[in-house]
Amino acid sequence: MALQLQNPILKWIEYRLPVFSTIDHMVGSGYPTPKNLNYLWNFGSLAGIVLVVQIVTGIVLAMHYTPHTSLAFDSVEHIMRDVNYGWLMRYLHANGASMFFVVVYIHIFRGLYYGSYKTPRELLWFIGIIILLAMMATAFMGYVLPWGQMSFWGATVITNLFSAFPFIGDPIVTWLWGGFAVDNPTLNRFFSLHFLLPFVIVGLVMLHLLALHQHGSNNPLGVEKKGPQDTIPFHPYYTVKDLFGLGVFLIFFAYWVFFNPNYLGHPDNYIPANPLVTPAHIVPEWYFLPFYAILRAVPDKLGGVLLMFGAILILFLLPWLDTSRVKSSRFRPIYKQFYWVFVLACIGLLWAGGQPPEGLPLYLSRVCTVYYFAHFLVVMPLVGWFERPRPLPASISEPVLGGGKLPAGAAARGTH
Ligand code: HEM
């Protein structure tokens, strides 16, 4: 239904610049949305809100922060102690980074479970992966800015990984550093890029939404919408649902910011960077731990680096590696079990990545790394090929209007 504006000023603007119809088309009553979306579909809008929180708090922090090796650490302490509500800005920003990854990881696992990467949403998925890579680069560079021990040594370890590449490796590392060690030029460029990248992410999110609106959301049944009977207007139904989810999420976020603000960080980052003293264990932030575990699972440095990057790049191949005709795991009795094994493997990697690389953690990280890749390269193609999916409902409305019942044989057992 076309947007009807009554207010003459709004009409005047709309006639010249179609902002209101665009908003209506994106998140208003002009956007027909599958009527069966569950709470896992809240996480995209939550990610957008956290992105805004990060940008706003980041801009305020940048007003008081000094990107120089001799002043950076003290300027952060100045923000914490002297700047009005500086502590709040910093704790929101530091914990906001963690929240961003919590939300986006759930968003990705939702997509994996319901096959949202499958046709016709491949490009939507690809843009998502590029956003993830940009988020990781932003978070990594942001962690260097307070110039604590973990900032310095984390930056040293991760940038040094590029030296594993033969011939070009060392020149790349020198180029990244802007010198022969992680030093002031490195801190300066990291600050500059850390400020820039979130705006690049905003641009990518717009593309992400453009791709989303081309075919609309997937849904827990993985059956495409067949007509107006399968949809409800985004506003007010999903605006209200998203707002409720936001309220719950803000309580969770507030817990970290107000009651446990340093739990997700590392105590060593409250020690000023010292190139002469290496910390006993150099660990990245929790959201990098699974990838760090993959890196260290491989005895060869170059192999580890390639596998670590490969762990993300492999996501680009999913639309082709998944050979199933059915999108949603809800109708895939065998694949569903493997999905949870995959989740366990990721949790195993997360735990192992935070431990010293020896004994049980090292063994576990190797087993989980093997499964991580086997899941995509072996399980996905094979299970999709031999599994017999449960019968799909004819449309989204069928189970919704049938009181949530699925057709015979589709047994309502299991997760939705
Ligand atoms: C800044 C980060 C991100 C923002 C703000 C964002 C935003 C959104 C929004 C608002 C939606 C629609 C609501 C929903 O389905 O939850 C969406 C859908 C989607 N996103 Fe993202 N996203 C982000 C990152 C990612 C990443 C990293 C991936 C995958 C690697 C991804 C893949 C998808 C897919 C496949 C859909 C369609 C899901 C479906 O309809 O079933 N997104 N995103």
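## Close-up views of the ligand site and the helices

**View A. Polar side-chain atoms around the ligand.** Arg110 places a polar side-chain atom 3.0 Å from an oxygen atom of the ligand, a polar contact (a pair of N or O atoms within 3.5 Å; inside the protein, one must be able to donate a hydrogen and the other to accept it, and sequence neighbours count only through side-chain atoms on both sides). For His107, the polar side-chain atom lies 2.7 Å from a ligand nitrogen, and a backbone N or O atom of Gly44 sits 3.0 Å from a ligand oxygen. H3, H5, helix H6 (122–144) and H9 each give two or more residues to the shell around the ligand, and H6 gives the most, with six. Helices here are DSSP runs of H or I with at least four residues, strands are E runs of at least two, and both are numbered from the N terminus. Please keep in mind that this is a predicted model, in which local features need pLDDT of at least 70, side-chain atom pairs count only at pLDDT 80 or more, and totals for chains, interfaces and linings use all residues. Residues are numbered from 1 along each chain as its sequence is written, and side-chain values use heavy atoms, leaving out hydrogens and water.

View B. Which protein residues are donors to the iron atom of the ligand? They are His107 and His208, each through NE2, lying 2.0 to 2.1 Å from the iron (donors are N, O and S atoms within 2.8 Å of the metal, or 3.2 Å for Na, K and Ca). This pair joins distant parts of the chain, with His107 in helix H5 (residues 86–113) and His208 in helix H9 (residues 184–215), 101 residues apart. The six donor atoms make angles of 82 to 179° and the site is octahedral, the label for six donors with opposite ones over 155 degrees apart and all others between 65 and 115. His107 is buried at 18% relative accessibility, as is His208 at 16%; buried means under 20% relative accessible area, exposed over 50%, and partly exposed in between (1.4 Å probe, protein chains only).

**View C. Gln54 in helix H3.** Gln54 belongs to helix H3 (residues 43–64) and is buried, with a relative accessible area of 11%. Leu92, His93, Gly96, Ala97 and Phe100 are its contacts (heavy atoms within 4.5 Å), leaving aside residues up to four places away in sequence. The C-alpha atoms of Gln54 and Ala94 are 8.7 Å apart, although 40 residues separate the two in sequence.

**View D. Helix H4 and the helices around it.** Helix H4 (residues 72–81) is largely enclosed by the rest of the structure, because seven of its 10 residues are buried. Among these buried residues are Phe73, Val76, Ile79 and Met80. The buried residues of H4 pack against H3, H5 and H9.

View E. The bond from Thr119 to Pro120 is cis, with omega near 10°, and Pro120 lies in the loop between H5 and H6. The His235 to Pro236 bond is also cis, with omega near 10°, but Pro236 is found in helix H10 (residues 234–259). Tyr85, in the loop between H4 and H5, has a phi near 60°. Trp147, in the loop between H6 and helix H7 (149–160), has a phi near 55°. Are these two residues buried or exposed? Tyr85 is exposed at 55% relative accessible area, whereas Trp147 is buried at 7%.

Definitions and conventions: Tetrahedral: all angles 85-135°; square planar, octahedral: opposite > 155°, others 65-115°.
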